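Visitor: I would like to learn how to read a structure like this one. Please take one feature at a time.

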Amino acid sequence: MSQETQAEQDEAQRAQPNPQGENPQIRLPDVIPFIGSGSTVMYPQQLMPVLATEEKDVKAIDDAAAADVKVLGLFSQKPSPEEGRYEGELHDLGTAATIVRMAKAPDGTVHAILQGVARVRICEVEQSKPWIRGRVERLEDIVGASLETEAMMRSAVAAFQNVVEISEALPKELGAAVNNISEPSALADFIAANLHITPEQRQQVLEELDVSKRLRLVIDMLRHEQEVMEVESKIQSEVKGELDKRQREFILREQLKAIQKELGEGDITPELSELKKRLDEADLPEAAGKEADREMQRLLTIPSISPEYQVARTYLEWLADLPWKINTEDNLDIDRAEKILNEDHYGLEKVKQRILDFLAVRQLRAGETRGPILCFVGPPGTGKTSLGQSISRALGRNFIRMSLGGMRDEAEIRGHRRTYVGALPGRVIQEIRRCGSNNPLFMLDEVDKLGVDFRGDPASALLEVLDPAQNHTFSDHYLDVPFDLSKVFFITTANLTDPIPPPLRDRMEVIELPGYTEHEKLEIARRYLLPRQVTENGIPEKMLTVTDDAILEIARSYTREAGVRNLERELGAICRGVARRVAKGETESLTVGDENLEDFLGPPRFRWELAEGKDEVGVATGLAATMTGGDVLFVEVSTVPGKGRLILTGKLGEVMQESAQAALTYARSRAPALDIQPSFFDKHDIHIHVPAGAIPKDGPSAGVTIATALVSAITRRPVRRDVAMTGEITLRGKVLPVGSVRDKVLAAHRAGIKRVIVPDENENDLAEVSEEVRRELEFVLVSHVDEVLKAALHPGRRREETKLVAAAP
């Protein structure tokens, strides 16, 4: 059941009852239909509009209207668990009402006007569906001493008239209407129906049958309401007085402005004077200076209480705080810079050489050169971010780092326009303001992990920032004036270059940071990682010694990475174990070698010598490039009797599946040369699987590996376990060049591979591999799959399989 509008309900509740409070005794049936009224409480003699929308309420009203005596039970409901909703069980005590008028709407709802007859109590519910019917008992009022009741009636009338006089929500006619009620029961009900009280208080008045107690209850509610309304009136008066005061001050200020304008004087407050002084000292460029003057003149005409005043003032403060012509002087001492770079990082000669070249050019051109835009690309843990900090220290510039990973909003780069509430400049301008110079070293981390959505493309916004031909007039949406970024030394970092949009990649000088060799990891651990972990874990000096063999064993058996992040983590675990012993009181120095390494790190997690063990049929070792550097992968091929199907598993991408199909076609075309029966492919199914099936794999560089494993499985010739390979194949068997050769070679070296097969067109890429690694590996340059098979497969079948073939009838 829902009620009519609040205005209609209030009007019905304020309807004047019979002047004498009389209500003719209407015979109530023993059984009547019920409806719930939510939080609304109805009293006898009260008129109330009702809108029934639920089917059970509509049927209950129809049931009542069909009877001789059109009586309906109206019962308020208890609160439900949801806050503010009254949809629970019906109260036991309610009001029996007659239907004065009713009408049905076309949508099936019923509009009715009810008039309360008497208080009733539910004795028994005889029907709950499809509507509620039950047996009720009529309740009579208990009337006490007439003199005391008359006194309370006078007190209640006076208090109610006072509340009506104070309240702006109650009609003034109620004050006169209450004088016409002579019955104490009707008076209490009338006041409770029109008073602003809670549903629980209304139900309490309804359930009180003793008229004297009911009047006392209503008088207490009136006194409380009177006190609340007096306090409310006082607060409103104070607020109105404050508003009048502010309005008066505003008028006086406007008059003062007019007088000052006539006298030729500016209305500049001390705050604005200080802001104007800061703008003058900032030495703004011409365009920014004109915008600042225009905004300052506009600010003088805006009232200080206006929201536009704060917007304009914040904008001018941003202009004043930016380092338009403040820069730090570069330290162009090349020897010093080289020393700092070597102190902080081991290896990375190509990167260090590029920084020293930049310093040399700056020195020759007397500092008049634009900052370079470099992009460091390499696996995690190879020192890209820390290298930027070292470059900043070597140059003597302020260092700023901003992570771009997951950024999806263009406004993060270019800011919001000032028309938006709470607008601010982009992160680039914010960070330059924070560092206080216009030529910092600005590192943009994880540029390959930018996102795109409906808010724009941050990568496109970076095009202007990282373009040397445009960034001297970079325009932030908030500032709306050019800011010179050409003096900023931008360095971006990424794990892979492929996710970087080509236009953005074209604006940067890409410098690849290779994965570290074992020797480099050993040196980095001894020089930087171990001393740092010893200090961070509070181990006393000379208390811990970690041998070189132990460090190499950690790199081989406890980590498998191109960088040194996990290596440092394992060294930290050793240091924490030693710190625990020191905390227990042990004072003897400890040496950690490969013989007691498991006491601190547990059993080895990886097998380093993958080439150990016997050679397998149908299993070849390939090389892959990942976000963490190079890695080895195995390709397994098995043949079973069937109908010539090719089965591919291991979550292979589309390109890798095509490589498998090309390898199969090549094997079929070369069947006679490979000593394969032509009918073999029609009578056998070939299953190609790449382990680590939960990891997606794709790319063409596994073509030679798949072809080798496939031919091995068909011809039963074992594959050499100490051989790893990479290269794309064609249907004619040609081996095409691939990328990331250096990372793949380092992965083969870490895995204990002795021979690496690479396309001969990648021979120049081998020059990027360190001499130390090249000395320990044998490289086989190939241009055709036949050369791959010759280098990777044993010449004959496995011995035991040859015996089985000979013994077969």
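Guide: Start with a pair of helices. The axes of helix 22 (residues 654-669) and helix 24 (residues 703-715) come within 9 Å and cross at roughly 45 degrees. This is a predicted model, in which local features need pLDDT of at least 70 and side-chain atom pairs count only at pLDDT 80 or more, while totals for chains, interfaces and linings use all residues. Residues are numbered from 1 along each chain as its sequence is written, and side-chain values use heavy atoms, with hydrogens and water left out.

Visitor: What do the helix numbers and the axes stand for?

Guide: Helices (H or I, at least four residues) and strands (E, at least two) are DSSP runs, numbered from the N terminus. Axes are lines fitted to C-alpha atoms, for helices over the stretch in contact, and angles run from 0 to 180 degrees between N-to-C directions.

Visitor: Which word describes how helix 22 and helix 24 lie to each other?

Guide: Angles under 35 degrees count as roughly parallel, over 145 as roughly antiparallel, 65 to 115 as roughly perpendicular and the rest as oblique. Helix 22 and helix 24 are therefore oblique.

Visitor: Is the crossing of helix 22 and helix 24 left-handed or right-handed?

Guide: A crossing is left-handed if the near helix is turned anticlockwise from the far one by less than a right angle, and right-handed if clockwise. For helix 22 and helix 24 the crossing is right-handed.

Visitor: At what angle do helix 18 and helix 19 pack?

Guide: Helix 18 (residues 518-536) and helix 19 (residues 548-558) pack at about 120 degrees, with their axes 10 Å apart. They are therefore oblique to each other, and helix 18 passes helix 19 in a right-handed crossing.

Visitor: Now the charged side chains. How many salt bridges does the structure hold?

Guide: Side chains of opposite charge can pair when their charged atoms come close. A salt bridge here is a side-chain nitrogen of Lys or Arg within 4 Å of a carboxyl oxygen of Asp or Glu. The structure holds 46 salt bridges.

Visitor: Is glutamate 523 buried or exposed?

Guide: Buried means under 20% relative accessible area, exposed over 50%, and partly exposed in between (1.4 Å probe, protein chains only). Glutamate 523 has 10% relative accessibility and counts as buried, whereas arginine 527 is partly exposed at 44%.

Visitor: Where do lysine 276 and aspartate 280 sit?

Guide: Both are in helix 8 (residues 270-281), four residues apart, which puts about one helical turn between them. Lysine 276 is partly exposed, at 36% relative accessible area, and aspartate 280 counts as exposed at 54%.

Visitor: Which parts does the salt bridge of arginine 507 and aspartate 467 tie together?

Guide: The side chains of arginine 507 and aspartate 467 meet at 3.3 Å, N to O. Arginine 507 lies in the loop between helix 17 (502-506) and strand 14 (509-512), and aspartate 467 in the loop between helix 16 (458-465) and strand 11 (474-475), so the pair ties together parts that are 40 residues apart in sequence. Arginine 507 is partly exposed at 24%, and aspartate 467 is buried at 11%.

Visitor: Which residues are linked in a network of salt bridges?

Guide: The network links Glu291, Arg294, Glu295, Arg298, Glu308 and Arg418.

Visitor: What should I look for in the backbone?

Guide: Most residues other than glycine have a negative phi, and most peptide bonds are trans. Here the peptide bond from lysine 129 to proline 130 is cis, with omega near -5 degrees. Proline 130 is in the loop between strand 6 (110-127) and strand 7 (132-139).

Visitor: Where is aspartate 283?

Guide: Aspartate 283 is in the loop between helix 8 and helix 9 (286-300). Its phi is positive, about 55 degrees, although it is not a glycine. Aspartate 283 is partly exposed, at 41%.

Visitor: What is the phi of lysine 651?

Guide: Phi of lysine 651 is near 55 degrees, again a positive value in a residue other than glycine. Lysine 651 is in the loop between strand 19 (646-649) and helix 22, and is partly exposed at 49%.
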